[in-house]
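I opened this entry to get my bearings in a structure I had not looked at before. My notes follow in the order I looked things up.

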Amino acid sequence: MRVKKNDIIAYVILIVMGVAMIYPLFWLFFATFKDNQELFGKMSLLPEKFSSIAYKNGWKGSGQFTYLTFYLNTFKLVVPTVLLTALSTGIVAYGFGRFKFPFKKILFALMISTLMLPDAVIMIPRYVVFNKFGWVDTYLPFWAPAVLACYPFLIFMQIQFLRGIPKELDESAYMDGCNPFVVYVKILAPLLKPSVFSVIIFQTLWRWNDYFNNLVYISSVKNYTLSLALKMSIDSQGSSTPWNQVLAMSFVSLIPPILLYFFAQKYFVEGITAGGIKG
Amino acid sequence: MKRQFKKHVALLMTASMAAVTLMGCGSTGKTDETTQATQGAAVTSAAAGGSGESVTLRFSWWGSDSRHGALLDVIDAYQAKNPNVKIEAEYQGFDGYYEKIMTTLSSNTAPDIIQLNKEWLPDIQGAKHYLADLSTLPVDLSTLKDRLLEISGTYNGEANIFPCTVGGSPVVYVNTDFAKEFEIDLAKNYTWDEIAELGKAIHEKDSDAYLMTADADMLNRLFIQPYLVQKTGKPIIDEETYAPNFTEADATEAFQNILNLYESNALEPFGDAATFAGQMDQNTKWINKKIGMIVDYTGSAPKYLSSVDSPLDVIAAPVMENAKSTGVVYGGDRGFSINDNSAHKEEAAKFLDFLMNDAEAIKIQKTAVGYCPTKHSEEILITEGAVDELQKNAIDLVAKDPYINNMISGNTELEVVRKDLIQEVIYGDVTPEDAAKELLVQYEEILEQLKAK
Amino acid sequence: MSPQATKNPSVPSVRKYPKNWRWGILFILPWLIGFCILQAYPLIMSLYYSFTDFSILAEGKWIGLDNYKRLFTKDKYFMKSLGLTFKYALMAVPMKLIMALIVAMILNMKLKCINLFRTVYYLPSIMGGSVAISILWRFMFMREGMMNNFLGVFGIPSVNWLGDPDIALVTISLLVVWQFGSSMVLFLAGLKNVPTELYEAAEVDGANKWTKFWSITLPMLTPIVFFNLIMQIIHALQEFTSAFIITSGGPNHGTYLIGVKIYEDAFQNLKMGYASASSWVLFLAILLITVLVFRSSSAWVFYNDGGMD
């Protein structure tokens, strides 16, 4: 009986807070059915009438390419980036988390410190580097940093998770004659599932929504991603913008990250309990 | 063994660092080849530029869907006539466009044909000879309306931008339903004081309603600057001496004028309007006919037209009594430039000529790219019935009696100082007198630096 | 909470782990190479720019410490925006972390439809800093917007959320707090990393929920709390998107965070050298705070691995 009471309290909190948090998103969703005058002139949640015209017209894009192209491009950019990041940052985190080596503290500090300078002043020299490599207008400016684990945030995060796992576990395996790489793949990686999935979720979301890097490195419209496409028809300089289309496409563009999150959750839930750690 | 490994790592680190530094340092000049190759422009025909050989041009612009569609159609039409030319369109919305153009210009990866804002010209061309002199290229500049090139496309005596629109500011867009409701006489030329009085009467009648609204940027460009020009009859800064043409008293008066408009409730409270900064067409009160007028550029007509269901009218901006000038500027805000580093300047110019001067291209674009910058475009489009009346009326208003502005008066740094001070005055942080004093002090410093350059 | 932490049975007594540092270097090699060829040059260049009058379009002249001097003597907004940024971080970071932790605790319960709830609470974060968000936030917080309408129901007078320079900063923070999803995900993952055996052992000892939270859950979660804290601080002190898309730093510089100022200086005022100088001052400030938090961590962060070598 006691358990039930707690559950009810939890439900009440979850629902009240959830409604408050999600109401604005409902409003945005219904706004995709309103024209500009209704959208900006009225406060009502529900539109005067429902019509899928914003979705239909929005999907067509402006000019040469439909959102199908932008969708595929985004996948082409994001999927390899995310997978490579998950591999590379995991390995680097293992190196930092479990081994002793010279200058480790300095290197770790250097790694974290690369997060402390605003992007605005890094952007130009970084463009210069990528341009020298001939990577502009390709997705290499996104893939290469993923291969080379240039995401300190995600490395640090995985170190923190790794440090939550008792060392005896991998030590005993090492004593059994496994080399450290095998230990990582066979023993630690399965235990680190929650952290690996966090990496996947975060990196997917960031790359999916990233605007400035895409803007700078991608110049051909045929290579545009969703984040660029969404702003493509907004000319704040005078002409009017079909906001319902922009909002409609914003929602459509978010479906994959939402699905990913929804289905990846179970890996947090399973977590370590399935692996079974003996202290 | 251990030591050797350490050495290798150290070596690797220094080597890669050095490599990047070296590559990074030679960022100008000798990088053309790699750049062009990666950017997809055809390197093969670099020397030729003549007809027959295949050429790829990159063309970048910002805009909305209608402009994208129109320019893509023009490109198709040109490619059909010139099968050897392939034009790659790089288009986007306005946000981030300038950042991208600056980045690509400085790294020598900029497109061949570039849409630019007139305001950016001094920054770009003043830094380096990035843009080609159009008068040396096969593009007919004589078709442009009188003085347009001189006012809006020339830097240091060189024609760098082919203006793609004419227009000006300030004009006042009026919601005619609002005007009827509050019995506003639209045939009259208002003074600032009359606007304040009218606004006061309206707000007294309906406490939800205001005559006008404006954000900090609009107050700066469409209220303060015209006010100073009306007062002195000259651009705010003298081009020769780099000295302000207005006095401290003039500036005090200009700031005080803004305060008067707020105190009489002619302007919607600044804090409420600030929510819609840069997007006044989304202002809820304007859409719901609780705000009757917005002062803006002629080019904003489409934005306001589609924002409300009432018919709009346009009237002349307020002036002061005994004004020495209307304070109205006229010219072209935007235009197209050719990258001076382009391998195909001639071909780019030929396309530009087609885009702006060819009757077929004009008919395709209508006013999606800009409002009739050339003499014949107006004729063609009026016969076609493609010209919007509100915009035409707005342009007729600014074309009537404008003053000639100069480049230095539009300097970004000077504008930022003004914009900051206006807000401080409105929020009561400083008095108009102190703001005027500070304005001149800061201007002196900035102008000195600009002069030194 | 550290006394309980040290009692934990899993602290290793013997260290037989490979001390062989070559493996360590090998594993961090990808990052090391990435740092050298992709990250080092931009960092060094931005430091160099800070001593020049580089403007993106024109190559800079060396002007020594002029940029730095100007920041502290002539620039009337630099200290102001630094102050605003700290104020913002002090508001946004604790609010966001506490919110995320509480929600994660509830979402960690075994309830029906919990997957759906977890998704719902993450949705705002998925929206990121898009145009949709800027429209939404203006609509929520404009004078006659949703928030004031809602407060009006309870008879609370309307608040000038975006028009009052002092309140606008709070409004901006609310956006960041609303998007607490990423911190929540980390807490959730961290909670799942707590071995159930510990709870079972505690239950045998007759511990109640509250004791279990303080002596097991929280200590086991400290590495994640620590990580979230460090990252949110670093992020908040550079915050740009929310202030830029919603208020562009206004009104009257009320939300003129240092990140916005740096961006405006760099790209709108074409003073990349000057913006780089501000960035390096900011860098030092963030570094200092981060080091302090790191130092403090030995007192309150509990690691299951018995300490990183």
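Before counting anything, I wrote down what buried stands for: a residue is buried if 20 or more other C-beta atoms lie within 10 Å of its own, exposed if 12 or fewer, and partly exposed in between, with C-beta atoms placed from the backbone.

**Ground rules.** The model is predicted, so I keep in mind that local features need pLDDT of at least 70 and side-chain atom pairs count only at pLDDT 80 or more, while totals for chains, interfaces and linings use all residues. Residues are numbered from 1 along each chain as its sequence is written, and chains are lettered from A and ligands numbered from 1 in the order in which they are written.

**Chain C, overall.** I began with how much of chain C is buried, and got 52% of its 309 residues. Next I looked at secondary structure (helices are DSSP runs of H or I with at least four residues, strands are runs of E with at least two, numbered from the N terminus). Chain C has 14 helices and zero strands. Its C-alpha trace spans about 70 × 65 × 30 Å along the principal axes. I also checked contacts, where two residues count if their C-beta atoms, placed from the backbone, lie within 7 Å. Of the contacts in chain C with a separation of 6 or more, 69% join residues 24 or more positions apart.

**Chain C, what the record says.** I looked up UniProt, noting that its positions are given in the numbering used here, feature names are shortened, and annotations may be inferred rather than shown by experiment. The unreviewed entry puts "domain: ABC transmembrane type-1" on residues 82–293 of chain C. In the model that span is 76% helix and 0% strand, with its end C-alpha atoms 19 Å apart. The unreviewed entry also lists "transmembrane region" for several stretches of chain C, including 88–107 and 280–303. I checked both of those. Residues 88–107 of chain C are 100% helix and 0% strand, and the end C-alpha atoms lie 28 Å apart. Residues 280–303 of chain C are 88% helix and 0% strand, with 33 Å between the end C-alpha atoms.

**Chain A.** I found 14 helices and zero strands in chain A. The C-alpha trace of chain A spans about 70 × 70 × 30 Å along its principal axes. Buried residues come to 52% of the 279 in chain A. Residues 24 or more positions apart make up 76% of the chain A contacts with a separation of 6 or more.

**Where A meets C.** How many residues of chain A are in contact with chain C? I get 89 residues of chain A against 83 residues of chain C. Helix α14 (residues 243–275) of chain A gives the most to the chain A side, with 15 residues. I sorted that side by class (Ala, Val, Leu, Ile, Met, Phe, Trp, Tyr, Cys and Pro are nonpolar; Asp, Glu, Lys and Arg are charged; the others, Gly among them, are polar). It holds 64 nonpolar, 16 polar and nine charged residues.

**Where C meets B.** This contact takes 29 residues from chain C and 31 residues from chain B. On the chain C side, α2 (21–49) and α13 (258–268) are the elements that give two or more residues. α2(C) gives the most, with eight. By class, I have 16 nonpolar, eight polar and five charged residues on the chain C side.

**A sheet in chain B.** I found five strands in an open sheet, in the order β2-β1-β3-β13-β6 (chain B), with mixed pairing. Pairing means that DSSP finds at least two bridges between two strands. β2 (85–92) and β6 (162–163) of chain B are at the edges with a single partner strand each, so one side of each has no neighbour in the sheet.

Then I followed β1 (residues 55–62) of chain B. It pairs with β2(B) in the parallel sense over eight bridges, and F59(B) has A89(B) as its bridge partner in β2(B). β1(B) also pairs with β3 (residues 113–117) of chain B in the parallel sense, over two bridges; there, S60(B) has I114(B) as its partner. Is β1(B) enclosed, or open? Eight of its eight residues are buried, so β1(B) is largely enclosed by the rest of the structure. V55(B), L57(B), F59(B) and W61(B) point one way, and T56(B), R58(B), S60(B) and W62(B) the other.

**A helix in chain B.** Last, I looked at α19 (residues 432–452) of chain B. In α19(B), A435(B), A436(B), L439(B), Y443(B) and L447(B) are buried. The buried residues of α19(B) pack against α10 (248–263) and α18 (412–426) of chain B. On the face turned away from the buried side of α19(B), I found the exposed residues V441(B), E448(B), Q449(B) and A452(B).
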